[in-house]
Amino acid sequence: MGPGSRADSPPDPGTDPGSPWANRSFRRLFGSAALGQFAANTHHVALPLLALAALDATPAQVGMLAALSTAAFLLIGLPAGAWVDRLRTRRLLIAADLTRAGLLASLPVAWWLGALTLTHLYAVSLAHGCATVFADVGSQSLLPRLIRRDGLVRANAALVTLMAVANIAGRGAGGVLVAALTAPVALACSAAAYLASVFRLTRLGAVPSPAPAPRTPLPAQIREGLGHVLGHPELRALVLSATLSNLGGAAINTMLPVLFVRELGLSPTALGLFWATGGIGLLLGARLARPVAARVGYGRALLLSLTPAALLVPLADRGPWLGVAGAGWLLVMMTIGSNNVLAVSLRQQLTPDALLGRMNATFRFMLTGALALGSAASGLLAEFTTLHTTLWTGAALLALAWLPLLLSPVRRRKEGT
């Protein structure tokens, strides 16, 4: 298979040839992504709860743990995009999953030996984040090489739906596993899921690479990716909107374990179910994205924001107010689920193959960097003010996330091509 060719496998009999499900390579990539999402969401619940239960971590330490999990995107996110554009993507994804499995497996072993420390948790969180940089950038750059561009919205809708189901099952199961079998066992399950993902990736077969580009210095390649995103009015609006959303979401998500387990005295299962409610919102948003965009227009669909509902989340308390907060979180995640489908598809459409890795890395650098900054800042803000002040700050940022889209040409876009 020559460079720049597309890995379209022959459609299976009885399938819609325009559907991504007709592509065998996409189905295998989807299977790998399903296992990776389960692992990531179970780990998302178990890691802070392990810190709280086994090491009596403070809110600031929980915030630092969450920040380190995404700090890798600030440290290596931009050069990772240039590396992804040069490397064989399938091997890269396999190496990333093997690394994440080994890192998470080290935590239950250390706990069983009585050697678990906060430094170990910090190191695993940071290294896991570094592997995730390559996994995320690589998978989003791989997708347009596997299927036709006119199938990207359907493929991304499937992947965001998967993310939503994983949020429901993974975080819900993570809370149940922690409650029933302890956090270390839940982390061991995450490690096993990453290993199963590796098996799926080994069956992916040959993956096409983009046409070879001149070997320019790494800084110049990074500048080219940044210039493509920040110099394009629509891409710039998409990245600014998502950055605000991630800052607010990180502030809320980082403090939810402290709110549920420490302040409200609720169980890890209740926390997992609350996060699972957000997964239901993601699922609904992903399924509604295409029909809503077809009815009202692509730009208007991106502007149909329910993120002001985030202002209901800080009202969480025992009794009916927990339901009010959960409804607000579900509505927020509906918007995020819809925008993930439409915005990711649009940015893939607006980017040539040779720049996909760097475009995705630039978005990941800013978006996941916002998660790291939001997580760290939320821990410090909770230490120096109050937990509820931190939650209200995160909710306000989420409520304003649609403004960059309103002030950009995105609002006038009729279609995603």
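**Figure 1. The largest nonpolar core.** The largest nonpolar core of this predicted model holds 54 residues, and those with the most contacts inside it are Leu107, Leu121, Ile252, Leu256, Leu259 and Trp329. Helix α1 (residues 24–55) gives the largest share of this core, 8 residues. A nonpolar core is a set of buried Ala, Val, Leu, Ile, Met, Phe, Trp, Tyr and Cys residues joined through side-chain atoms within 4.5 Å. Buried means under 20% relative accessible area, exposed over 50%, and partly exposed in between (1.4 Å probe, protein chains only). A second, separate core has 23 residues, including Val239, Ala289, Tyr298 and Ala343.

**Figure 2. The surroundings of Leu107.** Apart from its neighbours within four places in sequence, Leu107 is in contact with Leu47, Leu116, His120, Leu121, Val124 and Leu187. Contact means heavy atoms within 4.5 Å.

**Figure 3. Helix α8 against helix α12.** Helix α8 (residues 233–263) packs with helix α12 (residues 356–384) at an angle of about 30°, and their axes are 7 Å apart. Axes are lines fitted to C-alpha atoms, for helices over the stretch in contact, and angles run from 0 to 180 degrees between N-to-C directions. α8 and α12 are therefore roughly parallel to each other; angles under 35 degrees count as roughly parallel, over 145 as roughly antiparallel, 65 to 115 as roughly perpendicular and the rest as oblique. The residues that meet include Leu235, Leu238 and Val239 in α8 and Phe363, Met366 and Leu367 in α12. By class, this contact of α8 with α12 has 15 nonpolar, 8 polar and no charged residues. Ala, Val, Leu, Ile, Met, Phe, Trp, Tyr, Cys and Pro count as nonpolar, Asp, Glu, Lys and Arg as charged, and the others, Gly among them, as polar.

**Figure 4. Helix α8 against helix α13.** The axes of α8 and helix α13 (residues 387–399) come within 8 Å and cross at roughly 150°. That makes α8 roughly antiparallel to α13. Among the residues that meet are Leu244, Ser245 and Glu263 in α8 and Leu387, His388 and Leu398 in α13. The residues of this contact of α8 with α13 divide into 12 nonpolar, 6 polar and 1 charged.

**Figure 5. The chain as a whole.** The protein chain has 14 helices and 0 strands. Helices (H or I, at least four residues) and strands (E, at least two) are DSSP runs, numbered from the N terminus. Of the 417 residues in the protein chain, 53% are buried.

**Notes.** Residues are numbered from 1 along each chain as its sequence is written, and side-chain values use heavy atoms, with hydrogens and water left out. In this predicted model, local features need pLDDT of at least 70 and side-chain atom pairs count only at pLDDT 80 or more, while totals for chains, interfaces and linings use all residues.
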